[in-house]
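Please examine the sequence and the structure shown below. The report that comes after them is written for a reader who is new to protein models.

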Amino acid sequence: MPRLLLVEDDLTIRTPLVRALRDRGHAVAAASTAMAGLRDALDDRPDLVVLDLGLPDLDGRELLRMLRAVSAVPVIVATARDDETEIVRVLDAGADDYVVKPFTAAQLDARVRAVLRRAASSAAGEPALVVGGLRVDSRSRQVTLDGAPVELTPREFDLLHHLAARPGEVVTKRELLTEVWQIPYGGADKTVDVHLSWLRRKLGESAQQPRYLHTVRGVGVRLESPGSGG
């Protein structure tokens, strides 16, 4: 039975949602503040956290950053903030998915099950991806370059992993937004560009002098081994 932690301060939302998720086969604990949620997440180690952003003691994004510093637990953000900029910020901060209020228990349950499936698939023994001197291990979520560790944010890791799974292929920005950020529409190309820039810096290269990450102007980006001539 999946163990969920719901961090939601509104009792009129929290109580029926806990009941409905339990009726759908989940074991559910609840917290009404950010700090209580952080404590419960670290002590009880749930399989997934559902996180409201409008908490009384801390903004939910701040709690998300604190969680991501110490845990890889999947997080679904529940928010009334439905603008694209806010959604991108939440996903960049390490959320695995988001759901916009108001939502039904059935909608949340579907997203919970989808995120848990992805997490289980990622942990099911997928071999590390190796492109030249670059090694991307999805089980440990660690990256090494020529044997040296590369420290990446969760979103940078997801971006690199997606590209490393398709070495030599040109991947469009639209695909990256859909598959890495889970944003099923355009308009946020700048987000991809900024993360690619950060990723290049950590890999010791630049857009002008690429080694692994090659921009195909007007199309997307290609990851390939240095010297492959792709």
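The structure discussed here is a predicted model.

## Strands and their pairing

Strand β12, residues 220–223, has two partners in this account. With strand β10 (residues 170–172) it pairs in the antiparallel sense over three bridges, and Val171 has Val221 of β12 as its bridge partner. With strand β11 (residues 213–216), β12 also pairs in the antiparallel sense, here over four bridges.

Leu213 stands opposite Leu223 in β12, and His214 stands opposite Arg222 in β12. Three residues lie between the strands of this hairpin, in which Gly218 takes a positive phi near 80 degrees.

In soluble globular proteins, nonpolar side chains tend to be buried together. The largest nonpolar core of this model has 47 residues, and Leu134, Leu160, Leu163 and Leu176 are those with the most contacts inside it. Helix α6 (residues 154–164) gives the most to this core, with five residues. Apart from this core lies another, of 18 residues, which include Val18, Val28, Leu48 and Ala105.

Which residues does Leu160 touch, if those up to four places away in sequence are not counted? The answer is Leu134, Val136, Val143, Leu152, Leu199, Leu203 and Leu223.

An α-helix has 3.6 residues a turn, so residues three or four places apart point the same way. In helix α2 (residues 34–44), the buried residues are Ala34, Ala36, Gly37, Leu38, Asp40 and Ala41. The buried residues of α2 pack against β1 (3–7), β2 (27–31) and α3 (60–70). The N-terminal end of α2 is capped by Thr33, which places a side-chain oxygen 3.1 Å from the backbone nitrogen of Ala36.

Helix α4 (residues 84–92) also has buried residues: Glu86, Ile87, Val88, Val90 and Leu91. Just after α4 comes Gly94, with a positive phi of about 120 degrees. Gly94 and Gln209 are 115 residues apart in sequence, and their C-alpha atoms are 29 Å apart in space. Gln209 is found in the loop between α8 (189–202) and β11. Gln209 counts as exposed because its relative accessibility is 63%, and the cut-off for exposed is over 50%.

## Side-chain interactions

The side chain of Arg155 reaches two backbone oxygens: that of Ala95 at 2.7 Å and that of Val180 at 2.9 Å.

Thr12 is found in helix α1 (residues 11–23). At 63% relative accessibility, Thr12 counts as exposed. The side chain of Thr12 makes a polar contact with the side chain of Asp10, at 2.5 Å.

How many aromatic pairs does a search of the whole structure find? The search finds zero. One aromatic ring, that of Tyr98, has the charged end of Arg111 sitting over it, 5.9 Å from the ring centre.

## Backbone angles

Most residues other than glycine have a negative phi, and most peptide bonds are trans. Arg45, which follows α2, is not a glycine, yet it has a positive phi of about 50 degrees. Arg45 is placed in the loop between α2 and β3 (48–52) and, at 62% relative accessibility, counts as exposed. Asp146 is another residue other than glycine with a positive phi, near 55 degrees. Asp146 lies in the loop between β8 (142–145) and β9 (148–150) and is exposed, with a relative accessible area of 57%.

Where is the cis peptide bond described here? The bond runs from Lys101 to Pro102, and its omega is near -5 degrees. Pro102 has its place in the loop between β5 (97–100) and α5 (105–122).

Technical notes: Residues are numbered from 1 along each chain as its sequence is written. This is a predicted model: local features need pLDDT of at least 70, side-chain atom pairs count only at pLDDT 80 or more; totals for chains, interfaces and linings use all residues. Side-chain values use heavy atoms; hydrogens and water are left out. Two strands pair if DSSP finds at least two bridges between them. Helices (H or I, at least four residues) and strands (E, at least two) are DSSP runs, numbered from the N terminus. A nonpolar core is a set of buried Ala, Val, Leu, Ile, Met, Phe, Trp, Tyr and Cys residues joined through side-chain atoms within 4.5 Å. Buried means under 20% relative accessible area, exposed over 50%, partly exposed in between (1.4 Å probe, protein chains only). Contact means heavy atoms within 4.5 Å. Rings of Phe, Tyr and Trp (its six-membered ring) pair if their centres lie within 6.5 Å; planes under 30 degrees apart count as stacked, over 60 as edge-to-face and the rest as tilted. A charge sits over a ring if NZ of Lys or CZ of Arg is within 6 Å of the ring centre and within 35 degrees of the ring normal. A polar contact is a pair of N or O atoms within 3.5 Å; within protein, one must be able to donate a hydrogen and the other to accept it, and residues adjacent in sequence count only if both atoms are side-chain atoms.
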